[in-house]
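Here is a short report on one predicted model. Take a look at the sequence and structure first.

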Amino acid sequence: MVIGSGISGASAAHRLVELGAETRLLDIGYDDGALRQRIPDEPFDQLRSTDSGQADYFIGRNKEGVPRKGVVVGAQLTPPRQFIHKDAAKLFPIAGSGFHPLMATSAGGLGAGWGAASFVFSPRELESAGLPAGAMAGCYERAAELLGISGDRASPVSKWCWPSAANLQPPLEIDDNAANILRRWKNAGRVHAGSIPMAVLTRDRRERRANPYFDMDFYGDSRRSVFRPRYVIEELRKSVHFHYAAGRAVFRLHSQPGQPPRALAVHVDTGAVETFTANKIVLCANALNSGRIVLNSLDGLAARRTTVLCNPYTYFPTINLGMLGRPAAGRRHSLAQFGGVLLDSAQDGIDGVFQMYSYRSLLLFKLVKEMPLPPQLGLLVARALVTSMAIFGIFFRDRMSESKCMELVEGGTPERPGLRFTYNPPETEKAWRRACESEFRAALLRSRCVPIGKVDPGPAGSIHYAGTIPFDNPVNPGVRTLPDGTIDGLPNVYSGDSASWNTLPAKGLSFTLAANAIRVAELVARAH
Amino acid sequence: MERIRPAPQEIEDLAVRETKLETAGAFRPICAGPVAAFAILAFAGLAAIPLSLWRILRPPSRTNGY
């Protein structure tokens, strides 16, 4: 039995069915197919000038796509993606402030809104996370086959981003803005840039089609070119060996040696508590929720507290002087155009991984909102700058610390236990991050991209979570994953997502989530 | 600074205008070359001074609560 339908859950379930296991998947599974279907399969520029109903998907029927003041969880999601965290505040209550994670309740989990940048961890990064580099190599190849990855092996950053023999489709075309920047970019010193692998098809493959370059990738799933875990679940549902139970939010596990483990779930519509039994359970509910379930399941813990990891994230809106006032072709995709690495000072490891986005399809009113100008003038400036806007987001690695914790708190119901987060990186880490940001800003300026701001979306802003049931837990040694993949104190329950990782490299974790879930599924099948 | 920034209602109105076919034309990119872009930025910079002063000094009742 697999819990969760995100990238980990879908990949684990797919491998289990492939290996001949009868597999049940428990999922909350919200979706919004109606709004997705409402989006015509046409280019952004054309929709803007012809579709009288465009407000439905660009700003939402209730204007939910218009940003509000203050920290709003899910503010980065466009209206057709808002279902990703529907009812999350009710189902996963968070106490306190300062750490505002995006918790998914959707079919496909956070993968329903994934930006699709795909990275392979180096052997050193895998070992540091506690994952076996040898076993992971083959799992990366299987994951590439399942997700469909396009990329350029000859990219200057390939040796860092894709140290793997896994198959790649030809790379995505980049837009005029990105091409203009890359022409000037000098790969030297600590910052290197180039094409990065993406879980986006550039060639038709089974029921999915090549990306049409409609620049609507933040809104719809045009032609299914960008990978979504939902496609795997839909394919699995055709198998008689796969059983999908939606509408279930798992909150506790029971497992004793010699007995089949059980999952207790609340039905999100009726509130009824149901029990599901299996030979083995693979927990893929997202690191934060997996940690919450385990803290709520283990008896005899002195403290219901554990570690948490989350990549620090900073983004720099910049003006690319080389494109100022120039037109940009309408043919483009919306996702990361290129990316790269910020090497550590010894140029031996990776401190940061960045991606560059052009802004166009996110509409101008959001730019105007950020300008200290009256709206008429802000709009004029936004119109003059929009083709030269380049947004650079950089993720930094994260390591465990006693000041980065999550704990179960009183006040929630047994079915909906609350969480409180403490995430205070040590001063040395803060100083290191500031130094990395300065180094990166200097590289942007060298390529004539002038930063007009620096935005820190807060400690949970990267939406990359891990390390809540780690192999080595310095905060609460009783909450850990054992070397065989099972969770200490919960025999036959496996950790299938990033909850088990000891560190979080700077590289986006999603593709490694798929590979690791495949590895865990193989462990489960072998143990069965 | 906060009084100069657009108020939430102004942003919502802008979003509605941007997604209406009749008014969307006023949101198209201006791509008349780098000199024109610099000229627009300079004009906006100069015009911002009196307009911002007006937004700071005008009575709150006329500024959506700002």
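What is the mean pLDDT of chain B, and what share of its residues reach 70 or more? The mean is 84, and 85% of the residues of chain B reach 70 or more. pLDDT is the predictor's confidence in each residue, from 0 to 100. The complex has an ipTM of 0.88 and a pTM of 0.95 from the predictor.

Residues are numbered from 1 along each chain as its sequence is written, and chains are lettered from A in the order in which they are written. In this predicted model, local features need pLDDT of at least 70, side-chain atom pairs count only at 80 or more, and totals for chains, interfaces and linings use all residues.

**Interface.** Chain B gives 33 residues to the contact and chain A gives 33 residues. Contact means C-beta atoms, placed from the backbone, within 7 Å. On the side of chain B that touches chain A, α2(B) has the largest share, 11 residues. Helices are DSSP runs (H or I, at least four residues), numbered from the N terminus.

**Helix pair.** α13 (residues 375-385) of chain A packs on α2(B).

| Feature of α13(A) and α2(B) | Value |
|---|---|
| Angle | about 165° |
| Distance between axes | 10 Å |

Axes are lines fitted to C-alpha atoms over the stretch in contact, and angles run from 0 to 180 degrees between N-to-C directions. α13(A) and α2(B) are therefore roughly antiparallel (angles over 145 degrees). Residues making this contact include A:L377 and A:L380 of α13(A), and B:I40 and B:L41 of α2(B).

Notes: Contact = placed C-beta atoms within 7 Å. Helix = DSSP H or I, 4+ residues; strand = E, 2+ residues; numbered from the N terminus. Parallel < 35°, antiparallel > 145°, perpendicular 65-115°, else oblique.
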